[in-house]
Amino acid sequence: MNDTTELIKLTDKAVAQVKNIFKQEGKGPEYGLRLGVVGGGCSGLSYNIDFDKKKEKDNVLTFDNVSVFIDLK
């Protein structure tokens, strides 16, 4: 596993917003914030932010009980 602890930072305000969205949408503790990069087309790479469950090969960072899932691919 690569050390990604310095790659991603979430502010306190961002963590509070994610927690608020989880509460509004009824997401349980198995959900987290998924960050990814998707290759495609003429515009090159695009970035993806979604709410999802952990996958086997994910690296997981935690910010005040909010999990961030990153597929290292």
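Student: Is Phe51 buried, partly exposed or exposed in this predicted model?

Tutor: The model is predicted, so local features need pLDDT of at least 70 and side-chain atom pairs pLDDT 80 or more, while totals for chains, interfaces and linings use all residues. Residues are numbered from 1 along each chain as its sequence is written, and side-chain values use heavy atoms, without hydrogens and water. Buried means under 20% relative accessible area, exposed over 50% and partly exposed in between (1.4 Å probe, protein chains only). Because its relative accessibility is 22%, Phe51 counts as partly exposed.

Student: What is the geometry of the aromatic pair formed by Phe22 and Phe51?

Tutor: The structure holds one aromatic pair. Rings of Phe, Tyr and Trp (its six-membered ring) pair if their centres lie within 6.5 Å; planes under 30 degrees apart are stacked, over 60 edge-to-face and the rest tilted. The centres of Phe22 and Phe51 are 5.1 Å apart with 75° between the planes, and the pair is edge-to-face.

Student: How many residues apart in sequence are the parts that this pair ties together?

Tutor: Helices (H or I, at least four residues) and strands (E, at least two) are DSSP runs, numbered from the N terminus. Phe22 lies in helix H1 (residues 12-25) and Phe51 in strand E2 (residues 45-53), so the parts tied together are apart in sequence by 29 residues.

Student: Which side chain makes a polar contact with the side chain of Asp58?

Tutor: A polar contact is a pair of N or O atoms within 3.5 Å; within protein, one must be able to donate a hydrogen and the other to accept it, and residues adjacent in sequence count only if both atoms are side-chain atoms. Asp58 is buried at 9% relative accessible area. At 2.6 Å, its side-chain partner is Arg34.
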